[in-house]
Amino acid sequence: MKIRKLAAIDIGSNAMRLLINYVYEEEGKAPIFNKTSIVRMPIRLGQDVFIDGEISEKNTERICDAMLSYALMMKVYDIEVYKAYATSATREAKNGKDVVKKVLKKSGINIEIIDGKTEAELLFNTELGDFIKDEKTYLYVDVGGGSTELTLLKEGKVYSSKSFEVGTVRLLEGKVDPTTFVEMKHWIDENIGKEPIELIGSGGNINHIYKYSGVKLGLPLSSLYVKRQYQILQTMTAEERMQNYNMKPDRADVVVYALEIYNNVLKWSHAKKIHVPKIGLSDGIIRKVYQDLEVRG
């Protein structure tokens, strides 16, 4: 058996993550992907970018330090290949490319800034393909700090996909154009209409809600449950959410905004359930890294 040691770095608007993944290869068998370690850094780039239009000097230093620590971790794990992708906040930052250059100089990590379409493709590149059933129609909803990606899946394939500039940090900072939700509803009406559909939720906030729901692993959450959690959490302060739901500070202040987005999409799509397979962008990056390795032979 051969073990490939791979890594993925996901630099979002609310936090960044390093995923270390071992892939077990054995002749005649499908590769097995094993999540070995994940390290999350609570660096909120969206707070800078959505207000000031650029990443602050302080957060630039923090990113450089975080990437240096990731580089050292990858060295310790003897990582064969990695990819680092940055999304919404870095994409919109006026100094995004300059920050990427500084990170490369300090840590040796080369960050690629990707668009919403590539982000959606990477998400679908995960084991999500094994999860969905061909005879059903799904709407994949990935809620991030700066944007929300909606991907319509039919017959096991991507039918349509669109990125909207509405995310948890952007809502927290009051930097969402009111017409964005109107555009999102119009896209759902146009692409789904009255067709029966189930949602698939992605992102740290919906994962946390699912974890504390008491629902048996693998079963979906009902739309009524999500709506009720939204109502309950709205009545609490961020500190109360931290205490009652064991949330990190940088989740406690944005979780309500995430549930606002999920509730709107559930309502507009007339979906009655939302699956939460706990699959994220870093998983898609790992698959991309492995596929590129296979191509190179």
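Trainee: How many cavities of 30 Å³ or more does a search of the whole structure find?

Mentor: This is a predicted model, in which local features need pLDDT of at least 70, side-chain atom pairs count only at pLDDT 80 or more, and totals for chains, interfaces and linings use all residues. Residues are numbered from 1 along each chain as its sequence is written, and side-chain values use heavy atoms, leaving out hydrogens and water. A cavity is a set of points, on a 1 Å grid over the protein atoms alone, where a 1.4 Å probe fits but cannot get out. With the threshold at 30 Å³, the search of the whole structure finds 1.

Trainee: What volume does the largest cavity have?

Mentor: A volume is the space filled by probe spheres set on the grid points, which are joined across faces, edges and corners. For the largest cavity this gives about 40 Å³.

Trainee: Which helix gives the most to the lining of the largest cavity?

Mentor: Lining residues have an atom within 4 Å of a point, and here they include Ile-11, Leu-45, Thr-90, Val-99, Val-100 and Val-103. Helices are DSSP runs (H or I, at least four residues) and strands likewise (E, at least two), numbered from the N terminus. With 3 residues, the main contributor is the helix at residues 96-107, α4.

Trainee: How many residues in the lining of the largest cavity are nonpolar?

Mentor: Ala, Val, Leu, Ile, Met, Phe, Trp, Tyr, Cys and Pro count as nonpolar, Asp, Glu, Lys and Arg as charged, and the others, Gly among them, as polar. The lining has no charged residues and 1 polar residue, and its nonpolar residues number 9.

Trainee: What is the angle between the planes of Phe-33 and Tyr-290?

Mentor: Rings of Phe, Tyr and Trp (its six-membered ring) pair if their centres lie within 6.5 Å; planes under 30 degrees apart are stacked, over 60 edge-to-face, and the rest tilted. The whole structure has 3 such pairs. Phe-33 and Tyr-290 are edge-to-face, with 5.4 Å centre to centre and a plane angle of 80°.

Trainee: How many residues apart are Phe-33 and Tyr-290?

Mentor: Phe-33 is in strand β3 (residues 32-41) and Tyr-290 in helix α14 (residues 281-296). The pair links distant parts of the chain, and the separation in residues is 257.

Trainee: Which helix holds Trp-268, the partner of Phe-181?

Mentor: Phe-181 and Trp-268 pair edge-to-face at 6.2 Å centre to centre, with 65° between the planes. Phe-181 lies in helix α8 (residues 179-191), so the pair ties together parts 87 residues apart in sequence, and Trp-268 lies in helix α13.

Note on methods
1 Å grid on protein atoms, 1.4 Å probe; cavity = no way out; pocket = protein on both sides within 12 Å on 5 of 7 lines; lining within 4 Å.
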